Amino acid sequence: MKHEPITTATNCSQEREPDALPVDDARARVLETLGPLPGVLSSPVRACLGRVLAQDVRSDIDVPSTTNSAMDGYALAGADLPVQQSAHFPVVGRALAGHPFGAALARGTCVQIMTGAALPRGTDTVVMQEQVQRHGDTVLIGTGHHAGQNVRQAGEDLARGQIALSAGRRLRPADLGLLASLGQAEVSVYRRPRVAFFSTGDELRTLGHVLGEGEIYDSNRYTLHAMLERLGVDIVDLGVVADQPDALRTQFRRAAQDSDVVITTGGVSVGDADYVKQILAELGSVEFCKIAMKPGRPFAYGRLANALFFGLPGNPVAVMVTFYQFVQPALQRLAGTRDECLPRLFEVTCAERLRKKPGRTEFLRGVLTHDSNGGLQVRSTGQQGSGILSSMSNANCFIVLGHDTGTVLPGAPVQVQPFDGLV
Ligand code: AMP
Ligand code: MG
């Protein structure tokens, strides 16, 4: 196959940028200009799981709306509680959840009350059913109780006028319940980022085809699709494109149409068939293209029409590492998320020796387990080649060896990013 030579100068060639960007600088450069995409929509609460709030939600009511009982028992005035010896109280009525007693209580009397029932006027205290003796129309209440016990105050969950959830919040199940508890049927949420992606490589075959010599199945589109799906973005899968400049140009243009973000995998290195950087420079602009990290060093970040462009490496592990470190935080920013943007780091004990040279950040695939003292320790999954996707599958965390870190010895502290916390 004949490849068309590309003569267009890139602004990010190997010679002109000998120093690769440290990971933190690269991430900062990606994130510094990004904020929520324009456009918000009103969505029914039930459809809001994973969506990002575009407004502060204030409570128009007290939650709970009335002071009510936290127990099944008897409601009375705290001032009437027996101090020296047990006392009998006439039971003058009942209050159930949704069926208040309705009248004010006379001093020295009580009302039988169920959990969730509004406290009758004149009462502020509930004695548990199990702690009294009922004798016909009276109850015998002992000493040792205190005024105000077993009562939920109106507004103790959320007071009227308080901000219940702030703009930028990615909504979780508890938040949807909270919105419902405020009586809020619809909320304003940000538009989801629209992400187009495709794989590049003459050797790639799609599933359902038999492999010829030297061919492999395209696995990157499957990991990418899954990582994007978890983030709740709108996904446009543009398939596989051959290592041919014209075919790539066509697909670049197509991907940038109506997309907020374009992601490619492969073809971003310096091999004979690596055209991604050149075409990005030709049709858009390149911000940077080398990161001091392993895996994931070749990388192209820039702009393509109105979209952000991420040219990820081809190696399957490098795709996942660079996605989690750069693409995911960027997508969260575009989605409007205020927090949870950066991957979280924890310090644990390293259970083995890990060889490392200072001058780049390394992301090893690790397995976090409990040690005999109940603390957390981590070891690597073994083979760490950037093409060994089973190392990601077997791992439950990244071991992150920082830019300036050298070899780590057994028993030394080391930083990890648990996979469960990545989304
Ligand atoms: P490249 O960055 O294009 O040189 O690719 C680096 C390595 O990743 C090569 O061994 C490719 O065959 C492999 N690779 C590239 N794209 C994919 C893909 N979509 N699925 C699986 N492996 C890939
Ligand atoms: Mg390739």
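This is a predicted model: local features need pLDDT of at least 70, side-chain atom pairs count only at pLDDT 80 or more; totals for chains, interfaces and linings use all residues.
User: Which domains does the assignment give?

Analyst: Domain bounds come from an automatic or database domain assignment. Here the protein chain is given domain 1 (23–38 + 191–335), domain 2 (40–63 + 156–190), domain 3 (68–152) and domain 4 (346–421). Taken over C-alpha atoms, the centres of domain 1 and domain 3 are 66 Å apart.

User: How many cavities of 30 Å³ or more does a search of the whole structure find?

Analyst: A cavity is a set of points, on a 1 Å grid over the protein atoms alone, where a 1.4 Å probe fits but cannot get out; lining residues have an atom within 4 Å of a point. Grid points are joined across faces, edges and corners, and a volume is the space filled by probe spheres set on the points. The search finds one cavity of 30 Å³ or more, and the largest cavity holds about 70 Å³ of space.

User: Which residues line the largest cavity?

Analyst: The lining consists of G50, R51, V52, R170, Y190, R191, R192, P193, L231, G232 and A335. To sort a lining by class, count Ala, Val, Leu, Ile, Met, Phe, Trp, Tyr, Cys and Pro as nonpolar, Asp, Glu, Lys and Arg as charged, and the others, Gly among them, as polar. That gives five nonpolar, two polar and four charged residues.

User: Why does the largest cavity lie between domain 1 and domain 2?

Analyst: Both domain 1 and domain 2 give residues to the lining, so the largest cavity lies between them.

User: Is D260 buried or exposed?

Analyst: Buried means under 20% relative accessible area, exposed over 50%, and partly exposed in between, with a 1.4 Å probe and protein chains only. D260 is buried because its relative accessible area is 12%. D80 counts as buried at 17%, and its side chain makes a polar contact of 2.8 Å with the side chain of R107.

User: Where does D258 lie, and what is its phi?

Analyst: Helices (H or I, at least four residues) and strands (E, at least two) are DSSP runs, numbered from the N terminus. D258 is in the loop between α4 (245–256) and β18 (261–265), and D260 is found in the loop between α4 and β18 too. The phi of D258 is positive, about 60°, although D258 is not a glycine. D258 is exposed, at 63% relative accessible area. N150, likewise not a glycine, has a positive phi of about 60°, but N150 is partly exposed at 22%.

User: Which peptide bonds are cis?

Analyst: Among them are the bond from V63 to P64, with omega near -5°, and the bond from K294 to P295, with omega near -5°. P64 is in the loop between β3 (57–58) and β4 (68–69), and P295 is in the loop between β19 (285–294) and β20 (298–304).

User: In which sense do β22 and β26 pair?

Analyst: Two strands pair if DSSP finds at least two bridges between them. Strands β22 (residues 346–350) and β26 (residues 413–418) pair in the antiparallel sense over four bridges, with V348 opposite V414. Strand β25 (residues 397–401) is also joined to β26 by four bridges and runs antiparallel to it; there V400 stands opposite Q415. In contrast, β22 and β24 (residues 376–380) pair in the parallel sense over two bridges, with T349 opposite Q377.

Notes
Residues are numbered from 1 along each chain as its sequence is written. Chains are lettered from A and ligands numbered from 1 in the order in which they are written. Side-chain values use heavy atoms; hydrogens and water are left out. On a 1 Å grid over the protein atoms alone, a cavity is a set of points where a 1.4 Å probe fits but cannot get out, and a pocket is an open set with protein on both sides within 12 Å along at least five of seven lines; lining residues have an atom within 4 Å of a point. A polar contact is a pair of N or O atoms within 3.5 Å; within protein, one must be able to donate a hydrogen and the other to accept it, and residues adjacent in sequence count only if both atoms are side-chain atoms.
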